[in-house]
Amino acid sequence: MFKRIMKGGQKKPSKTDPSDPSSFGPTATAAAPAVVVPPPSGTIEPLPLFVDVAVSERQNLFIRKLQICCHVLDFSDTLKSIREKEIKRQTLMELVDFIQSGSGKITETCQEEMIKMVSTNIFRCLPPASHENTGQEATDPEEEEPCLEPAWPHLQLVYELLLRYIVSSDTDTKVAKRYIDHSFVLKLLDLFDSEDPREREYLKTILHRVYGKFMVHRPFIRKAINNIFFRFIYETERHSGIGELLEILGSIINGFALPMKEEHKLFLSRALLPLHKPKPVSVYHQQLSYCIAQFVEKDFKLADAVIRGLLKYWPVTNCQKEVLFLGELEEVLEATQAAEFQRCMVPLFRQVARCLNSSHFQVAERTLFLWNNEHIVSLIAQNRTVVLPILFEALEKNIQSHWNQAVHGLTVNVQKMFLEMDAELFEECQRQYAERQAKAKDLEEQRELNWKRLADAAAQNGVDMVTA
């Protein structure tokens, strides 16, 4: 019993124990414990290369190189600190190469120092957008020139170092999560508002890797992204990284297990669908459309809720936005089953009828292109007794009075398709349409007659009444 207690009391060496011979080199015998010193002050001096020092000294050298890189230099003046900038750039490249080469495990102390250095460099106040500086009215985000980060030669290498650290097979998530914690992730998400597309691309890759590697952070990351969307939709309508965040979510949604959790369905209804509302939706619509389509492909029962959500946020005066919505609607209908289609087809085709009669030819044309999709045509054919009566008047109006020749020709083709589907139903709709037109004509004639009588009566009483 005593022997068992003694045996159990022996501590197993940690994977990142500084005394582990495998740390910082395969031939190390006993690496000296790291000494954490404050970031250096004054001028930056170059340090020897890793290959030029003994394996036992690489731990201390690694930390010294990290502390050189803690100097944040001023890039607003290209002629300032040229020598120091080059030394820091070379040092960062050495650190990236060292991590990438897998020359040896990095100790826990070194990991902590590395994350501190990364935080010092990348976590900063982002410059305000141009309209915030000048007080001018915000312009279309698509027309704005992105503001590139002047310190990118250093920042890129810092991001590369962080990425290599996260994806490394030597990185132990149990240790790394102490430093890549919720606070770190939140600050990382704040940087997605950077106007520099190069930075957002790195952030997208890094956050995606963090989500994949640190399972403990997954719910927190989803909630934090949710909060960014809420603020964008209901407060600012300004954010540079919505597209990149949606790209990450596209991959996340693809991995959702079935049956889908209620949390994910709420995210769809409360965050993703309202993202159709802000003015700059065209900037990120491709990524948003992909996420929406992923939800419907994962669970076809969501199609009804998605289509009704699209109809809720359907643009009224923005024709380019309508064209985007019609493209997304086609993708959703592609994955829609008959039962879900029947639940929403009445409000859906009332909107389609309005789009058919749009004076903007691209909207009308894109609507008519829906009939090029075999799956959508089959859904319409199965429910033609409901769909055709809703659309018939809109189709007739296009043939009689639409100014665009291409729209006119496409409308004729769609009418022919309905005629071939069910000639009897088509003739019945035609008869009802003729009756409605005749009634409308009678009402118009009656109204004109009433006005004429009123004018005659007024004239007899000596009142000058304008009837035109």
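Modeller: A charge is taken to sit over a ring if NZ of Lys or CZ of Arg is within 6 Å of the ring centre and within 35 degrees of the ring normal. In this predicted model, lysine 65 lies over the face of phenylalanine 50, at 5.3 Å from the ring centre. Phenylalanine 50 also belongs to a cluster, in which ring pairs link Phe50, Phe62 and Phe98. A further charge over a ring is that of lysine 85, placed over the face of phenylalanine 75 at 4.6 Å from the ring centre.

The whole structure contains 17 aromatic pairs. Among them is the pair of phenylalanine 361 and tryptophan 403, which is edge-to-face because the ring planes stand at 80 degrees, with the centres 6.1 Å apart; the angle required for that class is over 60 degrees. This pair links distant parts of the chain, its two members being 42 residues apart. Phenylalanine 361 belongs to helix 17 (residues 361-368), whereas tryptophan 403 lies in the loop between helix 19 (384-401) and helix 20 (405-421). As for solvent, phenylalanine 361 has a relative accessibility of 30% and therefore counts as partly exposed. Tryptophan 403, at 56%, counts as exposed, since the limit for that class is over 50%.

The protein chain has 21 helices and zero strands. Of its 468 residues, 45% count as buried. Among contacts in the protein chain with a separation of 6 or more, 75% come from residues 24 or more positions apart. The accessible surface of the protein chain comes to about 25,100 Å², and carbon and sulfur atoms hold 53% of that area.

Helix 12 (residues 262-272) shows how buried residues are arranged on one helix. Its buried residues are His264, Phe267, Leu268, Ala271 and Leu272. They lie on the same side of helix 12, because they cover an arc of only 115 degrees around the axis. Glu262 and Arg270, on the other side of helix 12, are exposed. The buried residues of helix 12 pack against helix 10 (218-236), helix 11 (242-254), helix 13 (281-298) and helix 14 (303-312).

Helix 10, one of those partners, contains arginine 222. With a relative accessible area of 14%, arginine 222 is buried, because the limit for that class is under 20%. The side chain of arginine 222 is joined to that of glutamate 263 by a polar contact of 3.1 Å. Leaving aside neighbours within four places in sequence, arginine 222 is in contact with Tyr211, Ile252, Phe256, Glu263 and His264.

The loop between helix 11 and helix 12 holds proline 259. A cis peptide bond, with omega about -5 degrees, joins leucine 258 and proline 259. Most residues other than glycine have a negative phi, and most peptide bonds are trans. Two residues call for notice with regard to phi. Serine 81, in the loop between helix 2 (58-68) and helix 3 (82-101), has a positive phi near 55 degrees. Serine 81 counts as partly exposed, at 27% relative accessibility. Glutamate 237 has a positive phi near 55 degrees and lies in the loop between helix 10 and helix 11. Its relative accessible area of 25% makes glutamate 237 partly exposed.

Threonine 171 is placed in the loop between helix 6 (152-167) and helix 7 (173-176). At a relative accessible area of 10%, threonine 171 is buried. Not counting residues up to four places away in sequence, threonine 171 touches Tyr165, Ala176 and Lys213.

Technical notes
Residues are numbered from 1 along each chain as its sequence is written. This is a predicted model: local features need pLDDT of at least 70, side-chain atom pairs count only at pLDDT 80 or more; totals for chains, interfaces and linings use all residues. Side-chain values use heavy atoms; hydrogens and water are left out. Rings of Phe, Tyr and Trp (its six-membered ring) pair if their centres lie within 6.5 Å; planes under 30 degrees apart count as stacked, over 60 as edge-to-face and the rest as tilted. Helices (H or I, at least four residues) and strands (E, at least two) are DSSP runs, numbered from the N terminus. Buried means under 20% relative accessible area, exposed over 50%, partly exposed in between (1.4 Å probe, protein chains only). Contact means heavy atoms within 4.5 Å. The arc is that of the directions from the helix axis to the C-beta atoms. Accessible areas come from the Shrake-Rupley method with a 1.4 Å probe; for residues, only the protein chains shown count as cover. A polar contact is a pair of N or O atoms within 3.5 Å; within protein, one must be able to donate a hydrogen and the other to accept it, and residues adjacent in sequence count only if both atoms are side-chain atoms.
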